[in-house]
Amino acid sequence: MADTTAGPGPDARVNTIQADYMAMAQRRRLYSFVMLFIFVALMAAGFRTADARNAGGFFDGLHRIFDYPKEVLGEAAQNLTALPGYFVQYLPSLVETLNIAAASTLIGLLGGTLLSLLSTRGLAPWPALIPVFRRFMDICRAIPEIVIALVLIFVLGGGPVPAMIAIAIHTSGALGKLFSEVNENVSLKPVEGLASVGATWAQRMYLGVIPQVGPNYVSYALLRFEINIRASAILGFVGAGGIGYELKNTISWGQGRYDQATAIFLLLFLTIVVVDQLSGVLRDRLTHGTSA
Amino acid sequence: MSTFATNLDTSDLKDRADHLFRRKRLMNFGLPALVLVYLVYVFFAFDVPGLAQRASMDKAQTLVSDSYSYKTHVTRDNRSGEISVAIEGERKGSYAEGTGPSWVALGPETVVDLEDGYLVTFGADNFVSFQIPGYGLVTAQPTRSGGVNPVFPDGDLPDWISSSKNRLDIQTEAGRLTVTRNRTEVFRYFFGWELFFFTLDSPYHGTKPGELMGLAFAGEAGAIWSDFWNNAMWRHKDVAWAICETILMAVLGTFGAAIVALPLAFLAARNFSLLMPVRFAVRRVFDFLRGVDALIWTIILARAFGPGPLTGSLAILLTDTGTFGKIFSEALENVDDKQIEGVSSTGAKPLQRYRFGVIPQITPVLLSQLLYFLESNTRSATIIGAITGGGIGLMLTQAIITQKDWEEVAYYIVLIVLMVMLMDWASGWLRKKLISGDESGH
């Protein structure tokens with residue numbers, strides 16, 4: 001008895017285990033496959049819906065995709081000598097766009113710092129209000145800049161200030177969230193030390209917390225600055241001044257000003273690339289330490 | 001040892017400490033000062049003092065009050081003598097002819113009761129009188145040739161009345177009366193969003209929620225839903241479609257970008273792409289896609305495909321292909337080779353090596369980035385929609401451009417905020433679910 005069962009036993013068990021494993025693996029694969037299929041089907045359906053609701057169809061437009069760039073660049077190529085002049089002409093509006101981005105990043109940095117300190121457990125002066133400040137940050141983050149900008153443009157008239165306020169509000173919320181994650185890891189010892197010598201809340205934060213988190217803050221703010229340049233260019237397009245506004249004007253003018261549009265395209269592109277590279281290098285130095 | 005050394009030059013140490021202190025002090029005071037100087041520069045560069053004059057508080061006031069209240073217009077056409085009552089003065093919100101709310105008594109002499117003693121009477125021959133408690137009776141007799149002919153109680157005109165030959169405008173807290181030669185109009189303000197559920201032509205207008213539930217159970221649910229869904233004033237159907245479009249743009253753009261970027265990222269990663277020129281070229285392509293902003297892609301694509309959600313999703317797709325390509329290729333460069341070696345030791349073919357050796361390692365990074373971008377792209381899709389025309393962004397800009405439907409603007413803003421928060425929550429939930437599930441599963 002023992003012999004007969006022991007003989008085929010382990011083999012059979014191994015076989016069943018293997019069969020079970022294979023069955024499970026197969027089912028797993030089947031599930032993955034079904035999921036993939038559903039995903040592909042959803043994407044296709046989404047694409048078709050988007051295509052149907054678009055003014056022009058995807059396949060009709062596909063061959064026309066290079067027509068417009070060709071037209072624009074063609075006109076620019078004819079007036080190549082005028083481009084440097086346009087660069088100089090549009091430099092002030094580029095500076096304005098950069099100023100919007102920089103000022104709103106700075107204001108957002110200050111606002112985000114304050115909000116994050118108010119909503120971090122252990123640092124907040126009013127712990128009961130932490131959820132309130134958190135929700136407030138969520139709302140600031142959730143409102144797209146364009147919403148605030150459009151409303152403010154109506155009230156304040158066009159110009160850089162509505163864009164600056166709109167981006168600053170969004171930046172406060174976005175940075176506030178990132179900062180409060182940084183704040184969680186702060187050592188409380190300097191804060192307690194400062195408290196023991198009678199420092200006020202502001203002093204404790206400025207002297208005890210900010211030096212610990214400063215590099216991280218600045219690194220996030222630089223990343224935000226990159227994003228905000230793009231945002232301020234876009235807001236210019238809806239009437240908030242800067243290079244986006246000039247771009248809109250030249251583009252809606254159509255033929256005859258495409259050379260200027262090209263100059264603006266190039267200015268914007270170069271600015272974005274240069275700022276991305278610069279801030280990338282700076283952030284690298286901040287996060288990996290200055291010694292490296 | 002060195003701590004006990006006695007031959008240290010104290011003045012040198014002190015100098016160094018002083019130097020350190022000076023630097024710290026410079027940083028501590030110099031940096032905030034620099035920021036302050038910059039902000040002052042911006043203050044004047046943006047002409048903030050001039051802005052105070054340009055800003056119109058009237059507009060702000062209309063905006064705020066209109067966003068949470070509505071007004072009902074009682075209008076008399078002074079040429080035909082016809083009286084109409086309409087909510088927000090819009091045709092789709094007007095009462096059927098000869099009917100009105102309870103505070104308007106229509107008849108040969110129409111009496112509009114603004115409550116608290118404020119009483120407007122439309123008399124014969126375009127005559128109108130406005131009884132204002134604490135001030136007196138104001139009358140006007142607009143004629144085609146002679147202007148509005150207002151008559152006021154004795155004394156100076158208060159500043160809430162403006163009067164000229166052809167126009168009389170009285171603003172009180174109960175309501176507002178304007179008289180011109182062509183029309184006499186009373187506005188009464190109410191709190192809330194009127195007609196949000198049903199317009200006046202629907203039989204369900206003014207029905208209480210409880211009764212409505214009863215009617216719904218009695219088999220009228222379809223009709224009730226259709227009246228709500230096709231509400232001409234608030235256009236719930238269009239709004240729902242617009243939100244779906246915006247989310248669709250974000251989803252299509254984000255996932256499409258990930259699908260395009262993943263294979264390209266292999267070409268751009270140092271440890272997978274052996275040909276230097278290919279790597280360099282693909283990287284520059286990523287930089288180019290990222291550098292040419294979504295704004296510019298939107299403009300270019302809108303020319304080819306026309307306005308709509310497809311253009312928006314393609315613009316997001318192009319920009320994010322650059323971003324994802326960069327992130328993914330960095331993730332690929334940090335992949336652990338041991339797992340790939342292990343897989344290839346079992347005789348796996350290259351494709352299988354990627355599938356089982358590489359993909360599982362980068363999945364968490366990939367997914368978390370993807371879902372993070374999904375949320376941020378919902379916002380971008382709103383903005384792109386506002387530029388190219390599509391989704392909730394377009395509805396918002398349209399509502400703002402008309403400059404009077406501020407309650408709709410407020411409604412859309414609330415919806416946008418809720419939509420973004422929902423996407424934020426959903427992507428966070430998915431991230432937690434998928435990534436932690438991945439760890440336990442494999």
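Predicted model: local features only at pLDDT ≥ 70, side-chain atom pairs only at ≥ 80, totals over all residues.

Student: Which residues of α11(A) are buried?
Tutor: The helix covers residues 243-253 of chain A. Its buried residues are A:Ile243, A:Gly244, A:Tyr245, A:Glu246, A:Leu247, A:Thr250 and A:Ile251.

Student: What do the buried residues of α11(A) pack against?
Tutor: In chain A, they pack against α5 (83-118), α10 (201-237) and α12 (258-287). From chain B, α7 joins in.

Student: How many residues does each chain bring to the contact between A and B?
Tutor: Chain B gives 52 residues and chain A gives 48 residues. On the side of chain B, helix α7 (residues 294-305) supplies the largest share, 7 residues. By class, that side of chain B has 35 nonpolar, 9 polar and 8 charged residues.

Student: Why is B:Val282 called buried?
Tutor: The cut-off is 20 or more other C-beta atoms within 10 Å. B:Val282 has 20 C-beta neighbours inside 10 Å, so it counts as buried. This residue sits in helix α6 (residues 276-291) of chain B.

Student: Which residues does B:Val282 touch, leaving out those up to four places away in sequence?
Tutor: B:Leu264, B:Leu267 and B:Ala268. B:Leu267 is 15 residues from B:Val282 along the chain, yet their C-alpha atoms are separated by 6.8 Å.

Student: How is a pair of packed helices described?
Tutor: By the angle between the axes and the distance between the axes. Take helix α7 (residues 145-156) and helix α8 (residues 160-184) of chain A: their axes come within 8 Å and cross at roughly 145°.

Student: Which hand does the crossing of α7(A) and α8(A) have, and which residues make the contact?
Tutor: The crossing is right-handed. From α7(A) come A:Glu145, A:Ile148, A:Ala149, A:Leu152, A:Ile153 and A:Leu156. Among those from α8(A) are A:Val161, A:Pro162, A:Ile165 and A:His170. The contact counts 12 nonpolar, 1 polar and 1 charged residues.

Student: What makes β3 and β8 of chain B edge strands?
Tutor: Start with the order: β3-β4-β5-β6-β7-β8, an open sheet of 6 strands with antiparallel pairing. β3 (104-105) and β8 (150-151) each have a single partner strand, so one side of each lacks a neighbour in the sheet.

Student: How do you know that β3(B) and β4(B) pair?
Tutor: The criterion asks for at least two bridges. β3(B) and strand β4 (residues 110-115) have 2 bridges, in the antiparallel sense. In one of them, B:Val104 has B:Val112 as its partner in β4(B).

Student: Why are β2 and β9 of chain B at the edges?
Tutor: Their sheet is open too, with 6 strands ordered β2-β1-β12-β11-β10-β9 and antiparallel pairing. β2 (83-87) and β9 (161-163) each have a single partner strand, so one side of each is without a neighbour in the sheet. Neighbouring strands here are turned by 10° against each other on average, ignoring direction.

Student: How many bridges join β10(B) and β11(B)?
Tutor: Strand β10 (residues 167-171) and strand β11 (residues 176-180) pair over 5 bridges, in the antiparallel sense. There, B:Ile170 stands opposite B:Leu177 of β11(B).

Note on methods: Residues numbered from 1 in each chain as written. Chains lettered and ligands numbered in written order. Contact = placed C-beta atoms within 7 Å. Helix = DSSP H or I, 4+ residues; strand = E, 2+ residues; numbered from the N terminus. Nonpolar A, V, L, I, M, F, W, Y, C, P; charged D, E, K, R; others polar. Axes fitted to C-alpha atoms, helices over the stretch in contact; angles between N-to-C directions. Left-handed = near helix turned anticlockwise from the far one by under 90°. Buried ≥ 20, exposed ≤ 12 C-beta atoms within 10 Å, placed from the backbone.
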